[in-house]
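Subject: Structure for your review

Dear colleague,

Please find the structure below, followed by a summary of what was found in it. I would be grateful if you could read the two together.

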Amino acid sequence: MNNVVSHLSTALGPLRAEIRAASWFAALGEPLTGGDLADAKAYAEAADVAVLTSWPEAERFLKSPDVSLDWWDREEATRKALLAKARARYPEDALLTSLTELTTEAGDLVHGKAAVAATRMGGAAPASVHVAAGADAQAVYQLAVARIAGATGSRFESKFRLFAAGRWPLGIVGSKLSLF
Amino acid sequence: MTDIVVRSVEELKDSPEEYREAIGKLVISHAINELYGAQVFDEPAIAFAPTPYAKWLTCRVAMEEYGHHVRFKQLGVQIGIPEARMMPGGNKKPLSIFEFPLKTWEEFVAIKLLADLAEILQVEDLLHCTFHPLRNLARATMPEERFHAQFGEDFSAELVKTPEGKARLQAAVDEYWPYLPKFFGGSNSRNNEIFRKWKIKQRTNDEMREDFVRRATEVAAKYGLTLPEVRQAA
């Protein structure tokens, strides 16, 4: 199994480099650039992008019981399909080990960046920093699964690009993506 | 008690065999149970979480629990334990609580409120461990375990705002609580005797269990919840 884990680790090498180079949470609340807009529309297949500008505003959006979870369910369905493809390529234990090690490394890094961003912007509820880290680490995990499965051009590529560019995609309601 | 301090993985090689075996048992137990917890409770709970906020917070909890497994496993590999012994499916039986798959959000909140408190006590007992790599690992995981228990408190506070939510949470507490005092092992545990002999751990299983029941009763009462009576483990 060690050889398979080693092979997977090599395959995820480019993603590890992208994780280290990313500008996690560095552009929260900033005006959108053309690049941000393109990635947002590619990720959400949405006509509209709304920019939220503060941690309390993001928290209210995320806690709202009125926000539909259809987008979450769609992403989960995509993730499960990709995970099934990944499982067909690699043994379960090796896959679990590689994904767990990657998301553990990424989680520690992005959590620190989220805390710095929150402090820079005047503070956020401590749990909200954990939420941000959870969202970011989930995006890393989703992209890792997609790449291991051999999927090119999945929506998880553009989702990751948004996070790597310092943004936080909060959710898609109807045809609008809310972006922090 | 026997005086010993082992500052590194290298120094462990020169320590008494009984000491090395005791350390190995603890590392294996933590590595396996962290993984079971993440797979049986934390990751499945994401689907039950009611809002994106709760889902991503649960994602973070799940990833940290997986991370604890990774860190204990890495320490285990460093001290010569084969990886297969730190994964489920081997000789080590999981805690009985892991045999019951999660069914509701309220069950997960109850588990975070109470089972993670048990985890905190286990980690607290390693904070003065004479094997310093294990002591340091306990110190690293402690802030995360406290966050997980706080997760349980925060969402308990949300649930008990309505009578229906409180009733569902109480039902979940009633279902899971009986398994939790058993986390701390038997009253006359030979393993615990050896852990205390070498100052790997500080307290007897009964001392930890009594402290846990007291602290769990207090935290449950904060949210108007009660703990059912159970017969303690022998």
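Helix H7 of chain A and helix H3 of chain B (residues 52-78) pack at an angle of about 75°, and their axes are 7 Å apart. Axes here are lines fitted to C-alpha atoms, for helices over the stretch in contact, and angles run from 0 to 180 degrees between N-to-C directions. H7(A) is therefore roughly perpendicular to H3(B); angles of 65 to 115 degrees carry that name, those under 35 count as roughly parallel, those over 145 as roughly antiparallel, and the rest as oblique. Helices (H or I, at least four residues) and strands (E, at least two) are DSSP runs numbered from the N terminus.

This is a predicted model, in which local features need pLDDT of at least 70 and side-chain atom pairs count only at pLDDT 80 or more, while totals for chains, interfaces and linings use all residues. Residues are numbered from 1 along each chain as its sequence is written, and chains are lettered from A and ligands numbered from 1 in the order in which they are written.

On the H7(A) side, the contact with H3(B) is made by A:Ala127, A:His130, A:Val131, A:Ala133, A:Gly134, A:Ala135, A:Ala137 and A:Gln138. H3(B) contributes B:Tyr53, B:Trp56, B:Leu57, B:Cys59, B:Arg60 and B:Met63. Two residues are in contact if their C-beta atoms, placed from the backbone, lie within 7 Å. By class, this contact has 10 nonpolar, three polar and one charged residues. Ala, Val, Leu, Ile, Met, Phe, Trp, Tyr, Cys and Pro count as nonpolar, Asp, Glu, Lys and Arg as charged, and the others, Gly among them, as polar.

Between the chains as a whole, 22 residues of chain A are in contact with 15 residues of chain B. Two or more residues each on the chain A side come from helix H4 (55-63), helix H6 (92-120), helix H7 (126-148) and strand S2 (169-173). H7(A) gives the largest share, eight residues. That side of chain A divides into 10 nonpolar, eight polar and four charged residues.

Within chain B, helix H4 (residues 105-124) packs against helix H6 (residues 163-176) at an angle of about 60°, with axes 8 Å apart. H4(B) is therefore oblique to H6(B). The residues of their contact include B:Val109 and B:Leu114 of H4(B) and B:Leu169 and B:Tyr176 of H6(B). Eight residues of this contact are nonpolar, none polar and three charged.

With kind regards
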